[in-house]
Every structure is written in structure tokens, then in C-alpha cells.
Amino acid sequence: MVHTYRLFGGTLVQTEDSHLDTAIIRMLQHNGRVSVLDLARSFGVSRHLIAERLRVLTDREGLRVVAALDPGVAGHHVLTHSMVRIDGPVHPVAEAIAQFPNAVFVSITSGERPLAFESRHGSSAELLETLEAVRTIPGVREIRVTTYVDVLRGFFVAQSRQNISLDDVDLELITALQDDGRASYRALAEVVHRSPSAVRSRVQRLIAAGVIRIAAIKSGGLSTNRFATGLGITLAGPSAPVRKFILDSESIEFAARSHGAHDFIATAVGSTSAEVLSTMEDLRALDEVAAVETWTHFDLVKEDYARAM
């Protein structure tokens, strides 16, 4: 089915439902609580169509809109990306790592290290304990670790964070929003036994302070119209131009300044493989980039940023 809708810049275009779905997901990644009416107005379509596409994305495509707790608030100050070399099938190892509570992202990928996972820790000692446990999993041959120094873009990253005091009601709201980031204020009010207006003020305060970020994430694997490729960037010069490229790119969904195996870790996404390839080629063209290692994400085994306080 082909629909006409308005993109962010106000230009009218003809597109298929898959392109509309991609646009909806991107807006929900920016603001997970944007209303159906505002989505309809943004794209110049009916509220009924938006509601139908949201239903399909949720029921069939595994889309979830949830609250991510800032790692610092949860006491997680060591964030890492690891690539694992494996003997034999990858999936059993991926499933085993996914059981670790501090593993927030686990993916089966291409390349000589066909498993990538991200983990969060309260200290370097906790990280070492996790790596020791991963090495005991049958089939694990080698782990290559890169530590995030500064997360530039990502689902769980707010624009800024303020230090605010959290009470029991705030914690209950965070827990509820980690389960369903689009829960109505009336439903949340029933959970914490406060008025909807009071709950609205508290949720907006939590978001404005950067304690939580509410956005869409895909679960249960990658769809046919969403390609995701990991990028390990090694610098040949100053980091500033690469940082600017990352922040300006519409295709780079996640990025972090890092140390270890790579100077930056990033994820490029697009509705076609050509879109992702174009981003990779533009990145390689920068004089400050020495090399870009890539890995394609085939199966997202785990993506869960709901962390306990």
C-alpha cells in the first residue's frame, strides 16, 4: 500500500507502509511518548493509520517503547562492548550471556568474532568477574573488550543529566515505565496512587533531569527493512572531525568514544543496505579515520536497558 505523508522537513513524498514504519520508529526513538495525534500530524496521515501501524509494529515486529534508566543513576560507571570468538555454534553462547543481568545487549553477528555484547558494571572488578564467567561458557575462545569513555548517541542517553532526589514514588514510576513507556498517566496514577496530573509532573521531571529516557527499541531480531551494522573506528588523527560526523549523521543510531580495540564504537542503521554502505564509505573518506572494522547484526538475542536502582 502506498501513502502520502509529510516528513520532518515538511516535504510531501510517496512511500510504502515500510517507509512510514521506519519514520514512526525514528520519531519514537526521539520521543517515546509522542501522541498518536502528533504522529499523524507530522506525517500528514490519519490517526487511524498511525494507530494501525503502531499495532503492527508492536504485535508483529516486536517494537517496544520503554524507559531506560541512566547508567550513572543505577550505579553503573563501567560500560563495555565485547566481541567474542567462538568454537562451534554461536547461539548457545549468546543465550548463556543473555542470562547475565549486567549484559544489556547481545547480538549474533558476522565476522571472525560472531558475537557482540554490551555490559554495565559498578566497577572494574565487577567487569573482570563477568569476563571470567563468560570465559567459562563452553565454546568461548577469546573476548576482545572495548570500554566506553563517552556515549555520544544511544537509546539510553539523555541530552544532559541533573542531580535530583528520587523518592519511592519516583522509583515505582520508573519501574512501571521500564515495562511500558507509553502507559497513560491515568494507568500510572493507579500504580502509584497519585493523581494523573501529579504523575505527569513527576514523569516530565524525570525525563527533563535525564534520569530516564523513553524511546522505542526493536526486539526479537531485525526486520527485513532495517539493516544494522556495527562499526569499530580507528583514528589516524584528531577525534573532533569523526565525532562531528557521528553527531551529524542520521544513519548512526548509537556511538561511543572508547578505548581498547577501537577509538569509537558505533551502529549504523538504514532501511536498505545501500544506505548503511553510504554512511560507511563517507566515514572511511575522512582523513582522520585509519580503519573501519564492520560486523553485520543478524539476530538481536537481547536488548534490555531496564536496570534496577
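Tutor: Let's start with a cut-off: a residue counts as exposed when its relative accessible area is over 50%, and as buried when that area is under 20%. We will apply this to a predicted model.

Student: Thanks! Which residues sit on the face of H9 turned away from its buried side?

Tutor: That face carries Ala240 and Lys244, both exposed. The buried residues of this helix, which spans residues 240–248, are Val242, Phe245 and Ile246.

Student: How do you know that the buried residues of H9 line one face of the helix?

Tutor: Look down the axis of H9: the buried residues fall within an arc of 95 degrees, so they line one face. Their packing partners include strand S9 (227–235), strand S10 (252–260) and helix H10 (273–284).

Student: Why is Ile233 called buried?

Tutor: Its relative accessible area is 0%, and buried means under 20%, so Ile233 qualifies.

Student: Why is the pair Arg55 and Asp59 called a salt bridge?

Tutor: The closest N and O atoms of Arg55 and Asp59 are 3.8 Å apart, and the cut-off is within 4 Å, so the pair counts by that definition. In helix H3 the two are four residues apart, which means about one helical turn separates them. Asp59 has a relative accessible area of 54% and is exposed, whereas Arg55, at 36%, is partly exposed.

Student: And what makes Arg85 part of a network?

Tutor: Shared partners! Arg85 meets Glu112 in a salt bridge at 3.4 Å, N to O, and Arg85 forms another with Glu142, where the closest N and O atoms are 2.8 Å apart. Glu142 lies in strand S7 and Arg85 in strand S4, so their pair ties together parts that are 57 residues apart in sequence. Salt bridges with shared partners join Arg85, Glu112, Arg113 and Glu142 into one network.

How values were computed. Residues numbered from 1 in each chain as written. Predicted model: local features only at pLDDT ≥ 70, side-chain atom pairs only at ≥ 80, totals over all residues. Heavy atoms only, no water. Buried < 20%, exposed > 50% of the residue type's maximum accessible area, 1.4 Å probe, protein only. Arc of directions from axis to C-beta. Contact = heavy atoms within 4.5 Å. Salt bridge = Lys/Arg side-chain N within 4 Å of Asp/Glu carboxyl O.
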